[in-house]
Amino acid sequence: MSDQEYVAAKVKEAVARSAGETVTAQRLLIAWCARDDRLLRGLVSPFLRGIVAHAVERAAKAPAAAAAPAKRLSNQALDNVIGQLGQRIGTRNQPRGMTALINPPSQPAAGEGHERSLRQLAAAFARKRLEQRGR
């Protein structure tokens, strides 16, 4: 019996024992691979080049990643970033840190100049409407 025939027979046996449940069959095959080198080699051999290529790429990237120091934000910098994310237009004193996300800042009250401008606009629209009705 060739290795491929052996592997095929073992896979069929695992599927039969698991009553067609693929997850159970996979777990059974993994457990058998721990004790059966022939089964493991037969299952892995078609994928060996990809596995080796992945291992080499990972090893080649490891020194580059180890050489570059990990850039981490300090607690204060993280609080500043979160505070800026929680920022709203027109607010004066921004909450910082998690407070900005949990309790968003409220809009400040309109200033006197803004209130005056809105009243003038409302009055102008009202006058225009009255003029149009009178025609």
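Select helix H2 (residues 22-35) and helix H3 (residues 37-44): they pack at an angle of about 120°, with axes 6 Å apart. Helices are DSSP runs of H or I, at least four residues, numbered from the N terminus. Axes are lines fitted to C-alpha atoms over the stretch in contact, and angles run from 0 to 180 degrees between N-to-C directions. H2 is therefore oblique to H3 (under 35 degrees is roughly parallel, over 145 roughly antiparallel, 65 to 115 roughly perpendicular, the rest oblique).

This is a predicted model: local features need pLDDT of at least 70, side-chain atom pairs count only at pLDDT 80 or more, and totals for chains, interfaces and linings use all residues. Numbering starts from 1 along each chain as its sequence is written, and side-chain values use heavy atoms, without hydrogens and water.

Next, show the side chains at the contact (heavy atoms within 4.5 Å). From H2, pick Leu29, Trp32, Cys33 and Arg35; they meet Asp37, Leu39, Leu40 and Leu43 of H3. The contact has 6 nonpolar, no polar and 2 charged residues.

Stay on Leu39. Beyond neighbours within four places in sequence, Leu39 touches Tyr6, Val7, Lys10, Leu29, Trp32 and Cys33.

Now select Tyr6, Val7, Ala14, Ala25, Leu29, Trp32, Cys33 and Leu39: these 8 residues form the largest nonpolar core. Its members are buried (under 20% relative accessible area, 1.4 Å probe, protein chains only). H2 gives the largest share, 4 residues.

Finally, color by pLDDT, the predictor's confidence from 0 to 100. The chain averages 81, and 71% of the residues score at least 70. Confidence is highest in H1, at 94, and lowest in H6 (residues 98-102), at a mean of 62.

Terms used
Helices (H or I, at least four residues) and strands (E, at least two) are DSSP runs, numbered from the N terminus. Ala, Val, Leu, Ile, Met, Phe, Trp, Tyr, Cys and Pro count as nonpolar, Asp, Glu, Lys and Arg as charged, and the others, Gly among them, as polar. A nonpolar core is a set of buried Ala, Val, Leu, Ile, Met, Phe, Trp, Tyr and Cys residues joined through side-chain atoms within 4.5 Å. Buried means under 20% relative accessible area, exposed over 50%, partly exposed in between (1.4 Å probe, protein chains only).
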